[in-house]
Amino acid sequence: MLETLVAVAIISVVLAMAVLNYSSILPNYKANSAMDQLLYQLRSARERAIAHRREVQVQFVEQTN
């Protein structure tokens, strides 16, 4: 009985730590996703410029949510 109680307590502590860390992980995930999209767009523009032997402009437009 005591072993079960200790196991439940340990699992509860680990779950609480995971929930607290989740709030800091989500903004990092969104930032990484945005960076991946930016790099993809820049690589695509570069490849297009090379393929067509032309200058390609990349514009950054601010989005408001």
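Modeller: Happy to! For charges, Lys and Arg count as positive and Asp and Glu as negative, leaving out His and the chain ends; each is placed at NZ of Lys, CZ of Arg, CG of Asp or CD of Glu. In the protein chain, the 6 positive and 5 negative charges have mean positions 16 Å apart. Please keep in mind that this is a predicted model, where local features need pLDDT of at least 70, side-chain atom pairs count only at pLDDT 80 or more, and totals for chains, interfaces and linings use all residues. Residues are numbered from 1 along each chain as its sequence is written, and side-chain values use heavy atoms, without hydrogens and water.

The protein chain has one helix and zero strands (DSSP runs, H or I of at least four residues for helices and E of at least two for strands, numbered from the N terminus). Its radius of gyration is 23 Å, well over the 11 Å that the globule rule gives for 65 residues, so the protein chain is more spread out than a compact globule (C-alpha atoms; the rule is 2.2 Å times the number of residues to the power 0.38). Along its principal axes, the C-alpha trace spans about 75 × 25 × 10 Å. Of the 65 residues, 5% count as buried (under 20% relative accessible area, with exposed over 50% and partly exposed in between, for a 1.4 Å probe and protein chains only).

Helix H1 covers residues 2-52 and holds valine 14, which counts as partly exposed because its relative accessibility is 49%. Serine 44 also lies in helix H1, but this residue counts as buried, because its relative accessibility is 18%. Between serine 44 and lysine 30 there are 21 Å in space, C-alpha to C-alpha, for residues 14 apart in sequence.

Arginine 53 has a phi near 50 degrees, a positive value in a residue other than glycine. Most residues other than glycine have a negative phi. Arginine 53 is also exposed, because its relative accessible area is 79%. Glutamate 62 lies in the segment after H1 too, and counts as exposed because its relative accessibility is 72%. From glutamate 62 to asparagine 32, 30 residues apart in sequence, the C-alpha to C-alpha distance is 18 Å.
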